[in-house]
Each structure stands twice: as structure tokens, then as C-alpha cells.
Amino acid sequence: MDGITIALSKGRIFEETLPLLAAAGIEPLENPETSRKLIIPTNRDDVRVVIVRATDAPTYVQYGAADIGVAGKDVLIEHGSEGLYQPLDLKIAKCRMMVATPAGFDYTNAVRQGARLKVATKYIKIAREHFASKGVHVDLIKLYGSMELAPLAGLADAIVDLVSTGGTLKANNLVAVEHIIDISSRLIVNQAALKLKRETLVPIMDAISKAVGS
Amino acid sequence: MNWLLPEYIADALPQEAACIERLRRKILDIFRGHGYELVMPPLLEYLDSLLTGSGSDLKLRTFKLVDQLSGRTLGVRADMTPQVARIDAHLLNRQGVARLCYCDSVLHTLPASQAASREPVQIGAELYGYSGLEADVEVIRLMASSLAAVGTPATRIDIGHVGVFRALVRAAGLDAETEEQILLLLQVKDVPGLAEACSSLPEFCRSALMRLPELYGGDDVLELAAQVLPALPEIVSALETMRRLRNALPELPLSFDFADLRGYHYHNGIVFAAYYPGFPSPIALGGRYDGVGKAFGRARPATGFSFDLREVARLAPKGEAAGAVLAPFSGGDVSLQSEINALRAAGEIVVELLPGESANEGPLCDRCLVRHSGDWIIQAINRN
């Protein structure tokens, strides 16, 4: 494929990336929310967008199936960044990675040095590194969704999850007790594509960078 | 399911094997034609000698086992370059230039990338005993011509120099942990992460490090680098080396990347990576690694490159497979046997049918030997 393929996930990332792409003169010709197409043409003949699951964006870019893409910092930490460049913080899809427990749970005492804690999360790597740096042993329980249920149902003592407004936590009587890392989306670039398609990619990246800065 | 292979491990079936072998011969012939002598280091060695002078990533990628004879730990080679450096430093003991090449399987505990095999066939050439740039020019040219000869010419050869980052680290007095952290961030061009990690560094160093991820591209990058990087002696000399390299290789599609620090702990001068359209990582890698022989008792200047022959064979144009000649069972027929021998001597593939065998499923036979008024002649096989 001679042109440029951009990997985006539906929803918040797609919506918030649109103005940045527009700044680079790229406009998708269809809306993935209404279209069922997975490959979306743009106003530029040499640029197309592929719609992927958010967690799959780094995989597509690593294999070179897409040249550039947008992925949350959370996904990049979990997935690893081998074979990728991540030169630009797009400052979109912002949220925080937090530890949350049921209201009234004595978290401070539960994470004293040498303690052991049951933690449910989708973000195994982030949770493991966070608790290891505190010197706390954790039993990690990998879940794929509805993390908030785990402490309520007695599956875990705490959860590690993304929090944007805190509404879901509140509705389930959980409180955020610790902030791990701020999350936003990054522009990711296949390393070989940046070398081979530099003439096409660099102007797009520069335009996006300028749009983010303004 | 006892026929399944481990993950990332594969057989090479006839067509692929033929292609790999064809390329292997072609490339080794090119190496030989340039005076590179073939060596065959062992599949396994004591772990300490196998890993000498290499980074910790190689240690993780090396399969280990215990030697029943000595009780010591053995490693199955994950990279042949240190082995060849050991041969040069210890066994050949030449004072002048040594040119060596190699081609064999290596084994990785983890695939180098998600798409890579855990058993690449590493083919490469190394030049020892010459510290001048002319040696790097020779190996880069050799790399480019071998890739071109098998139909996968590099459309971009990216040049980096580990001396630039090393000079900045030294000038700023960074501790090993910070150096490692910044190194990882630079390799993925993680500019936001880099800004955070550099926030407490001296200003000249911080601003120079922040420029490195943007310093990639064509010849103009060399000019830009000279303007924006501090004029430390090592940096000035690194830039001069890159400029001279550019001038020495006008025929090659060179580009530059100051944040390409692949093999930072191993290399000590220029590093290079060749790219081919449609392949998501470099197709061939190389660079200068003068210090490595020191661990074996004799530091020798060294430069070279290698690539995975399996990968290149997959990308290479397939070409028309030579058709074979189908011959009837010769039994005691002397005239037929001598005809077959003559064809084989001329380089033809001749498949002799066994008694009762009606057709051959092996190599594609497009011609057959038939008797025509007493003589054996070759006739095209009509497949309709």
C-alpha cells in the first residue's frame, strides 16, 4: 500500500481526533458510528482510515497494517511499544488511572509495607508495577469490563481502572483512593513507515502537532 | 496434536526452502567475491562467552541449558556476531584486516517482533581490524548490493551514531539509571515522556536531548544537527563521520536519525538500518562495535551487518522455478542412463520414475525424455 493508513477506534478517540486530522487536511468521508464499513476513505486519495478496537490500534501499527494511529497511553503501557514511535501527546480522551475501593475500606492500612491485596483490573501491567513500587503484594484478577462490580461482589478488595468523571464509581458506592497516572491519547507511528514514507507522513504529523499546540 | 510446532517456529517446505537456499548461495557468493571468509561457529557455547560484551536484551533472548560434562550453563546462540568477534579476537589472531561472513540458524526465546520467527537464519558479514570510515563504507555497500542481488533492494538506509547520545550523557554526568530511562524514551521517540524525564537536567543537555527525536530525515538534518546540538568534540566528530559517509555513498538512498540508538550498549560509532517497502521493521541492521573483542582479550575495530534470510526470502520475488525433466525408469538401459547423467551434469533436474510410478508430485516436470527412433530426446509435456 503506497498511501497512508490511519488506525482509529470508534467513539471518543475518533470524535476527538477528527479536528486534528482536519488540520492536516484529512476528512473521513463516512462516520463509523453510522456506517458499518471498517475501511473508510477520506477526501485524500492517498489516505484511508481503518476502524479498530482501541486495544488493537498498536498491533495494527506495529505490523505495518496501518502506518499511524491513535492509542491511549494506558493501551500503550499494557501493550508495550516495540516497533512504534509515539512522538506526540494529542491531549485528547483524557482521564486518570486510579485505585478505587468500596467507601469505608481502610486502604491506607491495607497497603502498608508487606501487606497482600486482591486487585481486579483490566490493566495488569500498570497495576503490577504500581503496587510493586509501593512494596505491596497483590493478587491480580484480570477482568474485561465492569470492574466496579468486583469489590461489591467480594471478588477483590480494590480495582485499578480508568476514571474520567467518577460517575460510575459514585453510583456503585466506590471511592478513588489513589491516583496512578494521567492518561491521554498518543499519536503512534510505525517505525519503518516513518523512514519509508517520510515525505507524506511528516507534513501530516507536523500539522497535527500544530493543531494540538494551539 | 503431536505434529504441532512450538509458537513462532516453522518448517521451511520445499518451495520456501529452495528459495532460502538459492538466496543463501547467491549472497555467500557475493561475500566470497569481496574476500569475506565463511566461518561456522558452534550452535551453543558457554553462556558467559556467548554473552560477552552484549546487552542484557540478548541475555533474555538466549535459550539456556546445563552442560552435563562441565556443569556449566550453555547458551544456544541468539546472535552470531559475538561468536564471530570471538573467532577474530582469539582464534585467527591476525594483525591486519580480517573479513568474515556466516550464515546459520539462531534461536530466540522471544520473537524479535510479533511477526518474526524464533529461529531466524542469520546471514552477515563483519570486517575487523580497520577503524577508518572506509570499512563502514565497504560493509554498507556490501549490504546494499547483497539485498539488491536477491531482489529486495533497500529503498532507505538510515544512519545513526551512538556517539551523539553518549557525549550528551557524559557531559551531563547522568547516572546509569537515568541514561537507561532516557535511552528507552528516545528509541520510541516518546517526546512527552522525554520532556518529563529531562526536566531536571542541565539546560544545554535538556534542550539537546529534546531535539534528538526530531533530528531525522535527509541530508538537511546533518546541517540542522550541527546548528542545534552543542559542539562537544564527540558530537562534532560524529557529525563529520556521518557527513563523510554521505559523500562516500552518493549512489545509496541514505537518510539519518539521531535517535536511532539500537544496540546502544554494543555499538560505539555509526549504526545503520535498511528498510524495504511493505516490511514493518528494518530488513537489515548493522554498525560499528569496536569494543566487543576486548572482552575476549583483544579489542579490535569492528563493523558489519546481518539480516534474517528467512524474512528476505519471504519478501524476495519468487521467480520462475526451473522445470524438471521426467525420465522413464532406466533399469539396465545404458543409453538412457548416460543421457540422464549428461543432462544432470549440465545442471538440469532429472527425475527418474520408479517402476510402477506414473507421475511425479515433487518438482514440477515440464519436459520428459522419450525414445524417438532409437535416440533419447526431450519433449515438452503438454498439460492440457
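Author: A crossing is left-handed if the near helix is turned anticlockwise from the far one by less than a right angle, and right-handed if clockwise. This is a predicted model, where local features need pLDDT of at least 70, side-chain atom pairs count only at pLDDT 80 or more, and totals for chains, interfaces and linings use all residues. Residues are numbered from 1 along each chain as its sequence is written, chains are lettered from A and ligands numbered from 1 in the order in which they are written, and side-chain values use heavy atoms, with hydrogens and water left out.

Reader: Which hand does the crossing of α1(B) and α5(B) have?
Author: Helices here are DSSP runs of H or I, at least four residues, numbered from the N terminus. Helix α1 (residues 14-33) of chain B packs on helix α5 (residues 133-149) of chain B at about 150°, with axes 10 Å apart. That makes α1(B) roughly antiparallel to α5(B) (an angle over 145 degrees, on a scale from 0 to 180 between N-to-C directions). Their crossing is right-handed.

Reader: And which hand does α6(B) show in passing α9(B)?
Author: The axes of α6 (residues 162-172) and α9 (residues 203-211) of chain B come within 10 Å and cross at roughly 160°. These two helices are therefore roughly antiparallel to each other. The crossing is left-handed.

Reader: How many salt bridges are counted between chain A and chain B?
Author: A salt bridge is a side-chain nitrogen of Lys or Arg within 4 Å of a carboxyl oxygen of Asp or Glu. Lys195(A) forms one with Asp158(B), the closest N and O atoms being 2.6 Å apart. The count between chain A and chain B is five.

How values were computed: Angles under 35 degrees count as roughly parallel, over 145 as roughly antiparallel, 65 to 115 as roughly perpendicular and the rest as oblique.
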